[in-house]
Amino acid sequence: MPTDLPKPSQPSFEGRFIYGGEWGEKNGQGGLHAITGHTWHNIIPPDKYWATHPEYYSLNNGKRTRIAYGVGQLCTTNPAVIRIFADYCIEFFRTHPTKCLGVASNAGTDWCECENCRALDVVESSVTDRIIAFYNAVARRVRAAGYGDRYLVFLAYNNMTEPPVEFKPDPMLVPQICRWVGYESYGEGIEADLKLKAVFEGWGKLCPIVATWDYWGNWQWPWFFPNVTSMRRDFPFYKKNNVKVVYSDTAACWATQGLNIWLAAQLSLNADADVDALVEDYCKGMFHKAAPAMLRFYKLLEDNADRLPSSHTRDG
């Protein structure tokens, strides 16, 4: 592996989760664990509530939907849902000494179509305002129980990626912005994509902590996909826009994506590091006498990817 590099005394990001395990420990990963997955079907499980309270779940096409992973959502304006959800968070913090709890909605867009939920939608294409109103109500209860110093982490994802218009997020809320489903922009970088740039800048102005969900080592496609250009631009952008936690949904594709994983980990420690020097160090540490040839190979990949008409071909 590459030689040990000096680590900054103060990492650029409070939470760094590019890859885990022993490798992650050796490469400075860890910190504030503001990460979430899809949770609503576990927080208010249908096995417990569906038979007696179908009204807790989303109304879709005139019928309540029995929630499951990737199917349905909660009725987020139902007072009982707010209470049960908050009680779950309070009990979790009571029994766990952690600072963060993941509370993200289900995958998919089966949002509740009841009159009360739809009344909170400010922008036709976005449900962010209704979801922030829900999380704010939960956060108020959690704070009242004595856990106002904790964080509730949710995914800014699908049609709740855009920041809210009317409802200001409670300081306990941490949006984890997922660069997926129309918000990839791998290649040119975030600053070149005005839509994604506005997403990060908007959440960064509203929330004291912002997290990312990236795909620097792709979990689904194990081949080479060059992202050095993106990392060179995006990690400094993250640092400037209130991103405190960086996470990558990374697979162990070391033969093809090792450079991506290692470089992202190094930039999570020092967003302003010399990227060219890091790439050279990686090649020397990994390939020894073949380092010059591999440097040329990686540069060829990156140069060709930079000439592609759409950055989305790099990821997704």
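Predicted model: local features only at pLDDT ≥ 70, side-chain atom pairs only at ≥ 80, totals over all residues.
Two packed helices are described by the angle between their axes and the distance between the axes. For helix 8 and helix 9 (residues 254-269), the axes come within 11 Å and cross at roughly 10 degrees. Because this angle is under 35 degrees, helix 8 is roughly parallel to helix 9. The contact between the two elements involves V228, M231 and F235 on the side of helix 8, which meet L259, N260, L263, A264, L267 and S268 in helix 9.

Seven of them form an open sheet with mixed pairing, in the order 2-1-9-8-7-6-5. At the edges of this sheet lie strand 2 (30-31) and strand 5 (100-102), each of which pairs on one side only. Strand 5 is joined to strand 6 in the parallel sense over three bridges, and within this pairing C100 has Y151 of strand 6 as its bridge partner. Strand 6 in turn pairs with strand 7 in the parallel sense, over five bridges, with Q176 in strand 7 as the bridge partner of L155. Strand 7 (residues 173-178) also runs parallel to strand 8, to which three bridges join it, and here I177 stands opposite T212 in strand 8.

Strand 6 is largely enclosed by the rest of the structure, because six of its six residues are buried. Y151, V153 and L155 point one way from the strand, whereas L152, F154 and A156 point the other way, and all are buried.

One of these residues, F154, also belongs to a cluster in which ring pairs link it with W40, F85, W111, F134, Y135 and W203. The structure holds 28 aromatic pairs. In the pair formed by F224 and F297, the ring centres are 5.3 Å apart and the planes stand at 75 degrees, so the arrangement is edge-to-face. This pair links distant parts of the chain, since F224 lies in the loop between strand 8 (210-213) and helix 8 (228-240) and F297 lies in helix 11 (residues 291-306), 73 residues apart. F224 is partly exposed, with a relative accessible area of 33%, and F297 likewise counts as partly exposed, at 29% relative accessibility.

Several loop positions were also considered. Most residues other than glycine have a negative phi. N61, in contrast, has a positive phi of about 55 degrees although it is not a glycine; N61 is found in the loop between strand 3 (59-60) and strand 4 (63-64), and at 73% relative accessibility it counts as exposed. N158 also has a positive phi of about 55 degrees without being a glycine. The place of N158 is in the loop between strand 6 and strand 7, where N158 counts as buried, at 16% relative accessibility. A further loop residue, G146, lies between helix 6 (128-144) and strand 6 (151-156) and counts as exposed, at 54% relative accessibility. The C-alpha atom of G146 is separated by 9.5 Å from that of R94, although the two residues are 52 residues apart along the chain.

Conventions:
Residues numbered from 1 in each chain as written. Heavy atoms only, no water. Phe/Tyr/Trp six-rings, centres within 6.5 Å; stacked < 30°, edge-to-face > 60°. Helix = DSSP H or I, 4+ residues; strand = E, 2+ residues; numbered from the N terminus. Buried < 20%, exposed > 50% of the residue type's maximum accessible area, 1.4 Å probe, protein only. Pairing = 2+ DSSP bridges. Axes fitted to C-alpha atoms, helices over the stretch in contact; angles between N-to-C directions. Parallel < 35°, antiparallel > 145°, perpendicular 65-115°, else oblique. Contact = heavy atoms within 4.5 Å.
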